[in-house]
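Here are a few exercises to work through with the model open in your viewer. Try each task before you read its solution.

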Amino acid sequence: MGLFSTCSCGRHGSQADHESEGRLVEEALLRAAFPDPSVRRHFLKVVGTSTALAALSAAFPLGAAKEAFAQGAGKLEKQKLKVGFIPITCATPIIMAHPMGFYAKHGLDVEVVKTAGWAVIRDKTLNKEYDAAHMLSPMPLAITLGAGATPVPYTMPAVENINGQAITLAIKHKDKRDPKSWKGFKFAVPFDYSMHNYLLRYYVAEHGLDPDRDIQIRAVPPPEMVANLRADNIDGFLAPDPVNQRAVYDGVGFIHALSKEIWDGHPCCAFAASREFVTTLPNTYHALLKSIIAATAYARKAENRKEIAAAIAPANYLNQPLTVVEQVLTGTFADGLGNVRTVPDRIDFDPFPWHSFAVWILTQMKRWGQIKGEVDYQKVAREVFLATDATRLMSEAGLAPPKSTYKSFSVMGRAFDPMKPQDYVDGFAIKRA
């Protein structure tokens with residue numbers, strides 16, 4: 001697969017993306033024709049998918065449906081939605097779209113529901129208590145592959161934020177800045193399937209520590225992290241903001257390293273929805289995605305960050321002091337070591353779900369034994385990270401989408417080629433794979 005391939009219609013980044021979008025429409029048509037899953041499976045087993053679609057196409061304009069899906073036109077199938085979120089700045093576009101009117105502008109009545117932790121987000125979304133959710137970018141991949149749960153086809157149409165995390169240590173460790181001195185430390189991350197877990201593991205392993213033997217890593221919901229640091233239950237965490245800045249504000253921790261110093265431009269959180277939601281409510285899905293991408297475009301502009309901080313700091317959203325949220329979003333912040341730093345892209349917002357991001361995440365899931373056996377990295381990336389939809393709506397929102405869905409990058413100086421994922425996994429000295 002070339003890095004700059006295009007499709008036959010010229011609208012998608014690749015022929016594979018073109019075909020993937022078509023399959024979403026075909027799935028929706030089959031669900032509508034055969035609502036009972038057991039009947040649908042039996043029918044497809046008897047006649048085959050191609051024959052079934054050919055028969056349905058005779059009575060239904062499948063080509064027109066695919067075009068309508070691509071354009072996102074039509075009446076909303078569902079107007080009132082529940083979207084779960086964790087109270088962290090990574091969810092900024094999803095949160096701010098409520099008080100700042102982005103959902104309402106696109107005809108949606110969205111209730112954004114503050115949720116305690118990622119396992120709860122996953123379970124409530126899978127149980128359809130939430131229509132869609134703010135998730136960690138590895139979660140839709142894990143859910144689709146059945147890592148840690150029964151497999152359910154999931155999608156990630158947009159990245160919520162890039163950068164925006166940090167390694168924070170307890171104040172008592174100010175003299176232990178060398179990771180080699182961290183043996184025996186207890187660290188918290190938000191979830192096993194998180195960029196935080198993978199970045200922390202990557203960071204300590206590059207410094208010669210085995211993350212499963214030399215340190216302890218436990219999952220702690222972000223709202224509970226500062227309290228655990230204060231109580232001396234943990235030595236530090238790799239956490240989303242405003243958790244890191246709140247630890248500094250409360251005088252219990254200092255920022256050892258921003259996550260952008262590990263990998264500048266890495267993804268973190270995402271807007272996620274089940275494939276069923278995408279296929280059965282295509283107009284609602286597009287309106288929701290369009291709202292979030294428009295909010296992302298607004299959040300990307302530095303001059304809007306203080307206004308956004310004021311909108312999302314209140315108790316029903318982040319429940320944080322305004323100065324804490326402002327320090328994160330503006331990038332001018334106290335680090336807990338007596339310095340005031342200026343890092344404008346400490347957190348940034350870019351919605352494009354690069355397939356190369358998905359492939360990198362999958363390599364780390366493989367590296368640490370979360371997934372076993374052969375992995376078709378590119379296929380999973382295409383099916384879960386919906387780059388085509390993001391491309392179209394980014395253009396409408398005034399953002400410039402890339403021409404390819406793949407790019408190479410480096411993490412702590414180690415180059416990553418998304419076309420050679422297994423070579424990348426094999427190249428690590430410390431791994432479980």
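**Exercise 1. How many helices and strands does the protein chain have, and what percentage of its residues is buried?**

Step 1: the secondary structure of the protein chain comes to 19 helices and 16 strands. Helices (H or I, at least four residues) and strands (E, at least two) are DSSP runs, numbered from the N terminus. Before going on, note that this is a predicted model, where local features need pLDDT of at least 70 and side-chain atom pairs count only at pLDDT 80 or more, while totals for chains, interfaces and linings use all residues. Residues are numbered from 1 along each chain as its sequence is written, and side-chain values use heavy atoms, with hydrogens and water left out.

Step 2: of the 433 residues in the protein chain, 56% are buried. Buried means under 20% relative accessible area, exposed over 50%, and partly exposed in between (1.4 Å probe, protein chains only).

Step 3: take contacts (heavy atoms within 4.5 Å). Among those between residues at least 6 apart in sequence, 76% join residues at least 24 apart.

**Exercise 2. What span does helix α13 reach, and how many of its residues are buried?**

Step 1: α13 covers residues 282-299, 18 residues in total, and reaches 25 Å from first C-alpha to last.

Step 2: that is close to the 26 Å expected at 1.5 Å a residue, where the expected span is 1.5 Å times one less than the number of residues.

Step 3: 15 of the 18 residues in α13 are buried, so the helix is mostly covered.

**Exercise 3. Describe how α14 packs on α15.**

Step 1: α14 (residues 305-312) and α15 (residues 322-330) pack at about 140°, with axes 9 Å apart. The axes are lines fitted to C-alpha atoms, for helices over the stretch in contact, and angles run from 0 to 180 degrees between N-to-C directions.

Step 2: that angle makes α14 oblique to α15. Angles under 35 degrees count as roughly parallel, over 145 as roughly antiparallel, 65 to 115 as roughly perpendicular and the rest as oblique.

Step 3: who's touching whom? Arg305, Lys306, Ile308, Ala309, Ala310 and Ile312 in α14 meet Leu322, Val325, Glu326, Leu329 and Thr330 in α15. These divide into seven nonpolar, one polar and three charged. Here Ala, Val, Leu, Ile, Met, Phe, Trp, Tyr, Cys and Pro count as nonpolar, Asp, Glu, Lys and Arg as charged, and the others, Gly among them, as polar.

**Exercise 4. Which residues does proline 140 contact, leaving aside neighbours within four places in sequence?**

Step 1: find proline 140 in helix α8 (residues 138-145); at 0% relative accessibility, proline 140 is buried.

Step 2: the contacts are Met135, Tyr154, Thr155, Met156, Ala272 and Val384.
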